[in-house]
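Trainee: I am new to this structure. Could we go through it together, one point at a time?

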Amino acid sequence: MALLNKTFFVAGAAALVLYFFSSRVLAWRRLRHIPGPASGGWSKFWMARHQVSGKMCLTLEAVCDKYGPLSRIGPNYVVCSDPAEIRRIWSVHSGYSRSRWYNGYRIDPNSDSVLTANENKEHHRIRSHLLAGYSGRGQGAQEQLIDAQIVNFIGLIESKYLSGRAAGTRPLDMAAGMQYLTQDVTSAVEFGAPFGYVTADADLHGVIAALESMQLPCSLLALLPPLLALIKSPLVAPLLPKRADPSGVGRLLGLVHDRVGERYGDAKRHNPDALQAFVESGLSRAEVEAEALVHLLGGSDTTATALRNAVFYLSTHPRAYRRLQAEIDAAAGIVARPVIADTEAKKLPFLQACIKETLRMWPPISGLMPKVSDRDDVICGVAVPAGTNVAWAVFGVMKNRTVFGEDAGVFEPMRWVEADAARLRDMEATQGLVFAGGTRWDCLGKKLAYAEMGKVIFELFLRFDFSMTDPIKPFNWFNQGFTQHEHMNVTITKRDTITAS
């Protein structure tokens, strides 16, 4: 009997090993005609390793440079750097949908939001309810709320972070400062009042640090969807953030829950803000709470990244810096005060060129963002079987020389000013992909993001001069789909001649 049991055990183990290797071989054979890193065809370890490194976004660009615009990076993953193909795949009628990768970014492991909904009809349903809130319709004071946070941020700089002969060097860590500003702008627009990060000049309750610490686990969950079942387990539930937590992500969940709760019940409060639009949209209360959190997180981190990069790129490009300030100075006496109106900022061509170029050079969202189709396809002339995850190499797309010119790898806002009409249309269609513009997944928050960028850049470069405090190592950065900057110290001095009041 013992011998028989041992025989069955050995046979079972051998069957499991055979199954594992045969499944690996079959998976490899399915996409064997698509070139890519050798180890990528056998397991997701290659992808996970580069995700953990924090430099996956650059690695994908390098892979496409080496193996071609369509490259294999996983057993069932390919990555594409061709702008025209990405626009086609992301288009409304392409037949593609989001892959299970997006589930890794669920705020609630058991439910989806507009950020994570995979099925196209469900995504469209949620999105249709959110349009009014994101567009600002019926929110008459939205621009004034934005302006108030910008004025507050300028006051913080003037009181604590101006450098000079008498004061010495008092650098501002732009990594934190811009995050505080955008958190306050987004919370003001969403809830009618800011959380108060700029006033405190601190990461209130450690929320920002906690959110940043979640990015790597979420990016790995996205690569390994079966792990989501573990997150849903009752054994793991006690370890997840709770609304009653005094700090971190749980504290943020509690704040959002309380703000949403104020809009329901017998003593409900009505306020003309984005949250009220969500409440009146027909979404359930649980959905409103989930979407309020997505709005707050998505609207702050991405814009903060863009603003930090704008200061960096401009401060290291003297010609663009001087041209921008000349345009700003010429407009300063005739635009709205104390903060330029959004409509006025959009009429300043070089300011808008700097915004577009910043977003192109370093897109604020740079994850894999894979799409999947239930039909076979041909991408870049290569057959791609149904069910394959098609990711994008965002830096490869945004630095495409055919679209942006031979100098596509450098920051040059003048390309947007000098381009002829046909080239400009192609450039804008490609650059617009940073917010999925013109696609099924067009970012709902891009209107607010562009308004913030125009206003903030205008007012900061009108009043101040900027330089990187340590030009040898201006900052550290990590990317897990969103970019985290660290120690981005900027020396700020007051300009000699301004018209800011």
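Mentor: Start with a term: two strands pair if DSSP finds at least two bridges between them. Helices (H or I, at least four residues) and strands (E, at least two) are DSSP runs, numbered from the N terminus. This is a predicted model, in which local features need pLDDT of at least 70, side-chain atom pairs count only at pLDDT 80 or more, and totals for chains, interfaces and linings use all residues. Residues are numbered from 1 along each chain as its sequence is written, and side-chain values use heavy atoms, with hydrogens and water left out.

Trainee: Which residue in S12 is the bridge partner of Asp465?

Mentor: Strand S9 covers residues 464-468. S9 runs antiparallel to strand S12 (residues 489-494), and five bridges join them. Within S12, Asp465 is partnered by Thr493.

Trainee: How far from Arg308 is the nearest side chain of opposite charge?

Mentor: Arg308 lies in helix H14 (residues 285-315). Arg308 is buried (under 20% relative accessible area; exposed is over 50%, partly exposed in between; 1.4 Å probe, protein chains only). A salt bridge needs a side-chain nitrogen of Lys or Arg within 4 Å of a carboxyl oxygen of Asp or Glu.

Trainee: Which residue has its backbone oxygen 2.9 Å from a polar atom of the Arg308 side chain?

Mentor: Look at what Arg308 touches (heavy atoms within 4.5 Å). Leaving out residues up to four places away in sequence, the list includes Met174, Met178 and His485. The backbone oxygen at 2.9 Å belongs to Ala175.

Trainee: How many salt bridges are there by this rule?

Mentor: Some join into a network, which links Glu357, Arg360, Asp407 and Arg415. Lys446 and Asp442 also meet in a salt bridge, at 3.1 Å from N to O. By this rule the count is 24.

Trainee: How many residues apart in sequence are the parts tied together by Arg125 and Glu287?

Mentor: The closest N and O atoms of this salt bridge are 2.6 Å apart. Arg125 lies in helix H5 (residues 120-135) and Glu287 in helix H14, so the pair ties together parts separated in sequence by 162 residues.

Trainee: Which residue forms a salt bridge with Arg87?

Mentor: The closest N and O atoms are 3.6 Å apart. This pair links distant parts of the chain, helix H4 (residues 83-90) and helix H21, 339 residues apart. Arg87 is partly exposed at 27% relative accessible area. Its partner is Asp426.

Trainee: Is Ala436 buried or exposed?

Mentor: Ala436 sits in the loop between helix H21 (421-431) and helix H22 (446-463). Its phi is near 55 degrees, a positive value in a residue other than glycine. With a relative accessible area of 6%, Ala436 is buried.

Trainee: What is omega for the peptide bond from Arg337 to Pro338?

Mentor: Pro338 is in the loop between helix H15 (318-332) and helix H16 (342-345). The bond is cis, with omega near 10 degrees.

Conventions: Lys and Arg count as positive and Asp and Glu as negative; His and the chain ends are not counted. A polar contact is a pair of N or O atoms within 3.5 Å; within protein, one must be able to donate a hydrogen and the other to accept it, and residues adjacent in sequence count only if both atoms are side-chain atoms.
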